[in-house]
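Open your viewer and keep the selection tool handy.

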Amino acid sequence: FRTIRVGITTNMVGIYTCPIGVASIVILSQVTNVSSGICSLTAVHSRTNDSPTDYKLSNQVPIPPNDNYSIVSDGRLALETNDIIKIQATANSSLELILSVLETAKQ
């Protein structure tokens, strides 16, 4: 298991890349608005061998103050080697992410 905790910025940034020889499952993706205003979130699944490479998991979803949003709600997201989860907010220091990932070695 891996847990990634990160403050989200206005730059689209890769926060998790599935390692070589590993299959991963995202089991929690909780984003919390810690600011006093509404902030929007965009999350992307990126795969380098696809065209286009990026598919939106969420697109400018508004999150009210002191509220939260699950990027992968009511399910799991399977990731293959080199898949990337990228994330971006409309304001710095407003959104925080906790991402929980189960990694399994491929055989």
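Start by selecting V31 and I87: of the 23 residues in the largest nonpolar core, these two touch the most other members. Such a core is a set of buried Ala, Val, Leu, Ile, Met, Phe, Trp, Tyr and Cys residues joined through side-chain atoms within 4.5 Å, and buried means under 20% relative accessible area with a 1.4 Å probe, protein chains only.

Next, colour the elements that give this core two or more residues: β1 (2-8), β2 (13-17), β3 (22-33), β4 (39-46), β7 (77-79), β8 (84-89) and β9 (95-105). With four residues, β9 gives the most. Strands here are DSSP runs of E, at least two residues long, numbered from the N terminus.

A word on the model: it is predicted, local features need pLDDT of at least 70, side-chain atom pairs count only at 80 or more, and totals for chains, interfaces and linings use all residues. Residues are numbered from 1 along each chain as its sequence is written, and side-chain values use heavy atoms, leaving out hydrogens and water.

Now go back to I87 and show its surroundings. Beyond its neighbours within four places in sequence, I87 is in contact (heavy atoms within 4.5 Å) with residues including I8, V13, V31, L41, I71 and L97.

Then zoom out to the whole chain. You will find nine strands and zero helices. The C-alpha atoms fill a box of roughly 50 × 30 × 20 Å along the principal axes. Finally, select the buried residues: they make up 37% of the 107 in the protein.

Definitions and conventions: Buried means under 20% relative accessible area, exposed over 50%, partly exposed in between (1.4 Å probe, protein chains only).
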